[in-house]
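Have the structure open as you read.

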Amino acid sequence: MASNARTTPEAPPVMVRVAAKLNLALGVGPLGEDGYHPLATVFEAVGIYDQIAVASRSDEEIRITVEGPQADLVPLDSSNLAYRAAELMRDRWAGAHLGADIRIEKSIPVAGGMAGGSADAAGTLLACSVLWDLDTGPDDLQQLGAELGSDVPFALVGGVALGRGRGDRLVPVISRGTHHWVFATSCQGLSTPQVYRRFDELGGAGGNWVPTALIAALTSGDIDTVAGCLGNDLQDAALDLRPDLAGVLEAGTEAGALAGLVSGSGPTTAFLVSDEATGRTVAKALLELSQVHDVRVVRGPVPGAQLLPGTLQARM
Ligand code: ATP
């Protein structure tokens, strides 16, 4: 344990932004005895961001506030992954006397299959390590992240990566060029455990094989082959729980997307398009559907959790 931990409540907040993820491929093996499904997944971080500001407190409390259109769906107690991240960092690295005010500006869809909670945990780990001036290196953050949830390690690094195990054993993937994406969000979230349960009920037909053709296409920048290799073993289970999503997928490809798929456990759907102009056309068509709440046209890959400019200067 390193303990340079700062305690001055007047220190300016540390600001971090952290991106959502999409699984370009999500291969799910059969449920193991440990209660988990082994995965082989290719993650891509995409340009939808939560922003997190962490400030010191004069007591040992951890307090969360959340802003944004879906703020009311996010817990403010110790079940919030950002709370748990601050608590873990404090208990392992800083000191029980430290508290934090965590403000989350939420833009990543909640319960949307884009790992928003995990992103907030990753951002909070990074912010706390700076706020409390801790000696944590990237490996330490990765280890703490994996304890908080299987998507947290990727949210720290971003870019494109192959994830094995529970998705937390990462290898970076070279990806050439920029990908243009359209995301269609839904009014109502889907619970990840419920989707996995339905996956099992449907026979758990998937496999955690490394998608080598996708990785080769990403490396060569062959966007048409990337589109042909996108896949999600959880998609059938998500569509079974939310049959209305099939119409969204169909409308996106009819409007000109190269391919569409359910993002992670859903219900957000993702469409790969050839350029931004096509993205706007696809987005317009999707917005006309009653089951689509909102659309975002964004790029990927983008980096993982990052300090926002000004944070470091302000603290020097
Ligand atoms: P998963 O990472 O399990 O695939 P997801 O991306 O579909 O999840 P999240 O936005 O992470 O969904 O939220 C899942 C649930 O986690 C929410 O319904 C909410 O109750 C809880 N939660 C805890 N912390 C957060 C957070 N910081 N932001 C959003 N949801 C959170």
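## α2 against α3

Helix α2 (residues 116-131) packs on helix α3 (residues 138-148) at an angle of about 140°, their axes 10 Å apart. Angles from 0 to 180 degrees are taken between N-to-C directions, with axes fitted to C-alpha atoms over the stretch in contact; helices are DSSP runs (H or I, at least four residues), numbered from the N terminus. The pair is therefore oblique, the class left once under 35 (roughly parallel), over 145 (roughly antiparallel) and 65 to 115 degrees (roughly perpendicular) are set aside.

On the α2 side, Ala121, Leu125, Leu126 and Ser129 meet Leu141, Leu144, Gly145 and Leu148 of α3, where contact means heavy atoms within 4.5 Å. By class that's six nonpolar, two polar and no charged residues, with Gly counted as polar.

## α1 against α2

Helix α1 (residues 81-94) packs on α2 at about 30°, with the axes 8 Å apart. Leu81, Ala82, Ala85, Ala86 and Met89 are the α1 residues that meet α2, whose partners include Asp120, Ala121 and Leu125.

## Around the ligand

The ligand is surrounded by 20 residues, and Ala111, Gly113, Ala115, Gly117 and Asp120 are the closest (a heavy atom within 4 Å counts as near). A side-chain N or O atom of Asp120 is 2.9 Å from a ligand nitrogen, and a backbone N or O atom of Leu81 lies 3.1 Å from a nitrogen atom of the ligand.

## About the model

This is a predicted model: local features need pLDDT of at least 70 and side-chain atom pairs 80 or more, while totals for chains, interfaces and linings use all residues. Residues are numbered from 1 along each chain as its sequence is written, and side-chain values use heavy atoms, leaving out hydrogens and water.

Definitions and conventions
Helix = DSSP H or I, 4+ residues; strand = E, 2+ residues; numbered from the N terminus. Polar contact = N/O pair within 3.5 Å; in protein donor to acceptor, adjacent residues only side chain to side chain.
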